[in-house]
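Here are a few exercises to work through with the model open beside you. Try each task before you read its solution.

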Amino acid sequence: MNRRMNVVLKVKRFDPENGGRTWWSEYEVQAEPTDRVLDALDYVKWKLDGTLTYRRSCAHGICGSDAMIINGINRLACKTLVRDVAPNIILEPLAGFKVLRDLYVDMEPFFEKYRAIMPYLVNDEPMPEKERLQSPEERDIFDDTTKCILCAACTTSCPIFWSNSSYLGPAAIVNAHRFIFDSRDKASDERLAILDSNAGVWRCRTIFNCTDACPRGIEVTRAIEEVKRAIMMKRF
Amino acid sequence: MYHKYDAVIVGAGGAGLRAALELCGKADLAVITKLYPTRSHTGTAQGGIGAALGNREEDSPEWHAFDTVKGGDYLCDQDAVELMCRESIETVYDLEHWGLPFSRTEDGRIDQRRFGGHTRNFGEAPVARSCFSADRTGHMILQTLYQQCVKHGVKFFPEFHVVDILLQDGVCRGVVAYELATGEFHVFHAKSVLFATGGCGRFYKVTSNAYALTGEGFAVPFRKGVPLEDMEFFQFHPTGIYKMGILITEGARGEGGILLNGKGERFMERYAPTILDLAPRDMISRAMYSEIREGRGVDGKDYLLLDLTHLGREVIERKLPDITDFARTYLGIDPVTQPIPVQPTAHYAMGGLPTDSDGRVLADETGKPVLGFWAAGECACVSVHGANRLGTNSLVDIQVFGKLAGRSMLEYVKESDFGFINSDASKPVEAEFERIRTSTGRESVGSIRDELRTEMMDKASVFRTAAGLSAMRDKINELKERYQKVAITDRAQKFNTELVEAWELGCQLDLAEALVVSAAARTESRGAHYREDYPNRDDSNWLKHTFAQITESGIRLGYKPVTITRFEPKERKY
């Protein structure tokens with residue numbers, strides 16, 4: 001079953017030197033069906049074209065480095081198997097960010113939005129000697145959103161984000177959700193106010209692209225809806 | 001470009017960020033990372049962080065210390081181990097107070113699970129000591145620490161590769177970093193520098209280690225004459241996904257998973273009758289290699305099975321969701337109904353830059369510190385892991401010694417001044433990069449690296465012999481010669497990852513040599529260092545730490561006695 005197969009990798013390139021040229025490169029690669037798309041990229045970089053440039057580190061879907069558009073869909077190259085996207089694999093950088101070189105995009109604006117939602121526990125009460133108590137049920141409420149690896153696959157799949165770059169976007173909201181629903185946190189009101197702003201959750205049109213794109217299986221749209229509901233509950 | 005900071009931390013994983021939280025707001029601080037923050041390899045740790053909280057079963061730091069020392073085959077410095085096991089409790093509470101979403105017991109406390117080598121009452125039976133957040137504990141530690149760094153406005157330099165350390169007259173004055181985005185070299189002039197750069201497992205073919213773990217955090221100081229301690233001890237984790245090396249947490253066995261050979265036998269009954277599949281990693285990896293060699297691999301191949309099917313869907317999906325996802329994604333296997341094909345995977349360097357228990361790097365085996373230079377986490381050797389690290393203790397190490405190193409640096413910067421550095425401090429490494437970038441040689445990075453990784457796996461992994469190590473050394477010498485003629489195709493200044501990879505390969509070669517030279521000299525078997533030609537532990541000659549140091553005439557080996565406080569070396573049986 002694991003017979004090697006021929007695939008064609010078509011990669012959108014950008015050279016920031018030499019006047020900022022954009023073009024497509026095609027590479028023929030022999031791959032095992034169970035190879036990751038990342039393995040195919042490595043094959044190109046190490047054997048065919050050393051100038052091909054992309055991020056990666058952990059290679060198993062935890063570090064969040066190698067999100068890209070694979071055959072039109074936002075995915076991690078290390079979590080996508082060749083057999084699922086072969087024989088023609090088209091790779092493009094994430095949409096909505098400035099492309100720096102090939103598949104490298106500028107992540108700074110993404111992290112700026114993350115930082116804007118106060119992504120840290122706020123609780124100024126005196127620390128107990130041991131742990132704060134939290135029931136398994138209380139923890140379950142925000143379990144899903146703690147899985148986020150900040151890969152930006154969700155945010156860059158969102159058409160609202162494409163058309164309005166001031167929108168905080170799904171990833172920032174997911175990380176706000178993680179604290180808003182944490183029984184130990186005391187800054188929900190401030191976070192909800194941020195998300196009630198022009199750049200906040202009301203931009204979301206419940207398109208579900210973000211949920212489809214999340215390589216961690218987080219129900220992103222549902223998290224956004226829960227935040228919307230929390231804002232409404234506060235109003236009445 | 002020139003920068004000036006009281007403290008520079010290299011590496012933004014668990015140790016670096018933990019240290020940063022001790023320094024931020026109190027000293028002028030920069031954190032330099034070759035990745036983006038939150039991409040570091042701490043994030044892939046799965047099963048938990050060990051601390052004797054006693055939330056599930058009676059436990060004590062003394063038992064934790066004993067297990068650590070025994071697990072390390074008595075090569076650990078016991079004063080450092082006792083300190084670590086006491087302090088781990090507070091560092092776990094620190095993390096909880098900062099918001100880490102630990103899994104919880106029914107009464108709302110931090111949940112704990114069993115883990116390899118962790119026992120109650122000095123070896124009686126397994127104990128639940130590993131504090132966890134499902135099977136993404138490292139991810140949650142990394143996220144939580146980064147969140148606190150955001151809160152405190154810590155200054156990061158992402159995708160900056162530290163390529164040189166500035167040492168003058170035995171004092172560290174800063175580092176040189178290569179900025180990937182521009183190709184520019186930056187001199188960071190500092191009163192204090194912490195290396196928290198993680199591991200170096202990428203010189204093995206099958207490894208759980210990320211691409212980033214090429215070990216320049218070890219190699220850069222090593223090249224400048226700083227010793228490396230106990231490099232011969234490299235841990236192979238028993239349960240890597242077959243061929244890929246992706247880690248399946250020991251927590252899977254902590255929850256009750258078992259290992260089976262090709263005949264369906266629970267073979268650990270023969271190797272560790274008391275704690276079976278929860279024996280330390282070195283013992284299980286050796287047992288697995290033996291089973292495979294003796295023809296009891298699955299279908300005659302070089303893998304075995306990790307069976308979780310008896311645990312039930314609820315336990316597997318709730319407590320081990322990530323590894324369930326890995327098995328489904330990469331193997332097309334559902335661990336609820338099918339066993340997972342596994343083989344040992346290169347996982348963790350017990351050795352590294354020698355430090356005292358405040359993280360100060362030592363200049364030699366006499367214990368003299370390199371002023372202004374600290375190390376913590378996997379790139380350091382305190383030594384708390386000895387010849388074999390216990391599961392969960394890497395996360396303990398990075399939290400405890402990250403914190404202590406940060407505190408020690410803070411004291412130091414308050415009472416010290418910036419030393420003088422030359423204005424052309426970055427020139428030597430710039431020349432090295434330029435040589436590679438413009439080389440017209442015919443050797444390729446990929447082929448030298450592939451050969452290094454394949455040969456290291458073959459000759460310097462779980463089983464070693466004098467002949468194999470000697471052949472490996474010859475191979476490294478050959479590869480080093482070829483490396484002088486290595487050339488790349490990418491001549492760009494911006495985002496030249498091919499150039500960086502080529503430079504990293506040079507570090508990997510130097511580091512592999514330190515490992516092999518240290519391993520060839522140690523004519524005994526202890527922990528993860530197993531010599532087929534010397535199969536027994538030899539305390540009368542080898543109860544000591546190796547110090548490998550570059551001199552003009554090659555690598556010099558020195559030795560330092562092991563610190564023993566309360567646990568006299570005994571035969572290691574489980």
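**Exercise 1. In what order do the 5 strands of the open sheet in chain A stand?**

Solution. A word on the model comes first. It is predicted, so to speak: local features need pLDDT of at least 70, side-chain atom pairs count only at pLDDT 80 or more, and totals for chains, interfaces and linings use all residues. Residues are numbered from 1 along each chain as its sequence is written, chains are lettered from A and ligands numbered from 1 in the order in which they are written, and side-chain values use heavy atoms, without hydrogens and water.

Step 1: Read off the order, β2-β1-β5-β3-β4 of chain A, with mixed pairing. Strands are DSSP runs of E with at least two residues, helices are runs of H or I with at least four, and both are numbered from the N terminus; two strands pair if DSSP finds at least two bridges between them.

Step 2: Look at the edges. β2 (21–31) and β4 (73–76) of chain A each have a single partner strand, so one side of each is left without a neighbour in the sheet.

Step 3: Neighbouring strands are turned by 35° against each other on average, direction ignored (axes are lines fitted to C-alpha atoms, for helices over the stretch in contact, and angles run from 0 to 180 degrees between N-to-C directions).

**Exercise 2. In which sense do β3 and β5 of chain A pair?**

Solution. Step 1: Find β3 (residues 67–70) and β5 (residues 88–92) of chain A; their pairing is antiparallel, over 2 bridges.

Step 1: Locate I70(A), which stands opposite L91(A) in β5(A).

Step 2: Contact means heavy atoms within 4.5 Å.

**Exercise 3. How many residues of chain A are in contact with chain B?**

Solution. Step 1: Count both sides: 62 residues of chain A meet 60 residues of chain B.

Step 1: Take the area. The two chains bury about 5400 Å² between them, 50% of it on carbon and sulfur atoms; buried area is the accessible area (1.4 Å probe) that two parts lose on being put together, summed over both.

Step 2: Find the residues of chain A that lose the most area to chain B: W46(A), H60(A) and E131(A), together 13% of what that side buries.

Step 3: Turn to charges. There are 9 salt bridges between the chains (a side-chain nitrogen of Lys or Arg within 4 Å of a carboxyl oxygen of Asp or Glu). One of them joins E159(B) to R55(A), with the closest N and O atoms 2.5 Å apart.
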